Amino acid sequence: MVVERETRREDRTIESLVTVVPAESSPAVETIGLRKVYGGKVAVRDLSLTIAQGEVFGLLGPNGAGKTTTVKMLMGLVRPSAGRAMLLGRPLGDREAKRRIGFLPELFRFHDWLTGEELLDFHGKLYGMSAAERRRRIPEALDLVGLAHRASEPVRSYSKGMQQRAGLAQALLNDPDLIFLDEPTSALDPLGRLEVRSIIQTLRDAGKTVVLNSHLLSEVEMVCDRVAIIHQGQLAALGPIRELIGEDLAVELVVDGERAVAVEVVGRHGTVATVEPVTADRFNIRVAVQDDDAIALMIDDLVRSGVRVYSATPVHATLEQRFFDIVAGDAWERGE
Amino acid sequence: MTTFLIARLTFDEALRRKMIWAVLLLSAMFLALYAFGFQILRDDLIEFDQRRGGRPNQVLPYDVQASAMVMLGLYTVNFLAGIMTIFAAVGAIAGEIESGTLHAIIPKPLARWEIIAGKYLGFLAMIAVYLALMVGGVVLISRYIGEYTPPNILRGLLLLILVSTILLSLTMLGSTIFSTMANGVIVFMLYGMAVTGGLVEQIGNALDNDTMVRIGILTSVLVPSDSIWKLASYVVQPSIAVNLIGPNPFGTAAPPSDFAVRYAFVYCATLVVASMLLFRRRDI
């Protein structure tokens, strides 16, 4: 019961905090040959990327791949060495565009002697929000990230997770149309992660564009429409998650019976990948199939041939596997 | 608008620093001791005059002694203000880059130069308030305990603010280039050099040594704080005191010209603009 009430309160807050974005033709983010070189070392190599308005976009990559440098260039923290970029159809640094952008930095450090409320008031003024707007939105934003009860305490007294929540409130304060979240859940517990996911979903429903920078692949897989995998400063893969992962379906069977018979029957319905004994006469078969129907027919056939089926678990390829294929495969080729 | 917002935050933040309160405590202690010292000077003088049968001291008139006392007071205030300025502003930019607080500020709808301008104004306000209080304290003590009022106090105060502004400009520029620690070391070395350079110039003048004078002039071109201090100390002394005491470590009989003031303004403006240009290109 308690949980239900809590959820309802949150929904109301989100609705009043996030307004729907009117449709616009220019992409939310567009980079053309964006490049950053730090003293001879290339951090980002000619990155060209277009993110449409209303997308939830994931930037993935191993540590040091250039994700954060890319976001920093877009946020005006780092000067690109070459190339150009547009945010909301305007060049980098444009004041009007900046007014409609929210950013939660990976390194979320604030003037921590301010209270949560004072901090948001300061950032609200930086956004150029009017006093009335600030009075209305600050309590809503604090409520949204679950900090309302600590609003009048100095940020210094907050835990790391609460400081990250304050950072999120700061990023959403101006009702931005484009939101960059750099590792937004790095300091949060599982419950906090869930809350952030639900906030991102609400933003998506309102037509906002969210660029999520994360190394938590499952998180990205759950919320993002499209992802880019960046590796060694370069775009290694780009596309909708389903496309990246592929539609391949595999099934893992645990069966008991004549091994040769089982393998032969399974082979009729798909491509056998591995066969591993579990106990003396029980073994595990992994097989790639076309679709769900193939699984059902295969099990029917197995039972008719006298093979006992103990379990059949469909296994979807995950983003993680795809990620490792790209990142580790490349490392392998270079002999690392 | 944003500039004033940053200025306000900088001022408020400075007041939260323990260092500032340490300086304020030291300053209060200094003023108390100073009042006590002035009282003793005054008492001694009255006693002395009585013993001489009411004939005033012609060799060293009271005004000259009191003026020297004011000079010592202002010298200390100037020194404390300089130290406070450097300590307060040493990490103005570098410290915020190191801690990461700029990450959430730079993406906001403001230009980077506004951050520099805001911080500069915030520290300037802090310096002005501090110096107004301290110079006011010294003058009030001199007036009501020492029964002596120095001339041109307002002009002296403005010049003292200019001295600290010179140090502020230098510290801000350093803060956009170096780390907090390196900047502290560099600015203190330059400040020390300016003070020593001023002394070397005076000794050079006394000994008629051109090389020493040139060294002094060179240091006051690099860091003009000491030459403005000399001008400040000159304007708040009556001419009788200047002529009697002559050149000394705390003041001078040959003050820098108005050109020094104009140079100091150009110097500060140049350093501020340089800070803005360097910060504009800086990767955070």
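A151(A) is buried, at a relative accessible area of 10%; buried here means under 20% relative accessible area, with a 1.4 Å probe and protein chains only. This is a predicted model, in which local features need pLDDT of at least 70 and side-chain atom pairs count only at pLDDT 80 or more, while totals for chains, interfaces and linings use all residues. Residues are numbered from 1 along each chain as its sequence is written, chains are lettered from A and ligands numbered from 1 in the order in which they are written, and side-chain values use heavy atoms, with hydrogens and water left out.

A151(A) sits in the loop that runs between α5 (131-144) and α6 of chain A. Helices are DSSP runs of H or I with at least four residues, strands are runs of E with at least two, and both are numbered from the N terminus. R79(A) is 72 residues from A151(A) in sequence, and their C-alpha atoms are 35 Å apart.

Q164(A) belongs to helix α6 (residues 160-172) of chain A. Its relative accessibility is 1%, so Q164(A) counts as buried. The table gives the contacts of both residues, where contact means heavy atoms within 4.5 Å.

| Residue | Relative accessibility | Contacts beyond four places in sequence |
|---|---|---|
| A151(A) | 10% | T115(A), G116(A), E117(A), L142(A), Y158(A) |
| Q164(A) | 1% | L104(A), F108(A), E183(A), P184(A), T185(A), S186(A), A187(A), L188(A) |

L104(A), a contact of Q164(A), is part of strand β6 (residues 101-104) of chain A. Both faces of this strand are covered: I101(A) and F103(A) are buried on one side, G102(A) and L104(A) on the other. β6(A) pairs in the parallel sense with strand β7 (residues 178-182) of chain A over four bridges, pairing being defined by at least two DSSP bridges between two strands. Within this pair, G102(A) is opposite I179(A) of β7(A).

The contact between the chains takes 25 residues from chain A and 28 residues from chain B. About 2,600 Å² is buried between them, and carbon and sulfur atoms give 62% of that; buried area is the accessible area (1.4 Å probe) lost when two parts are put together, summed over both. H103(B), K108(B) and P109(B) supply 25% of the area that chain B buries against chain A, more than any other three residues.

Two salt bridges are found across the interface, each a side-chain nitrogen of Lys or Arg within 4 Å of a carboxyl oxygen of Asp or Glu. E114(B) and R95(A) meet in a salt bridge, at 2.9 Å from N to O.

Terms used
Buried means under 20% relative accessible area, exposed over 50%, partly exposed in between (1.4 Å probe, protein chains only).
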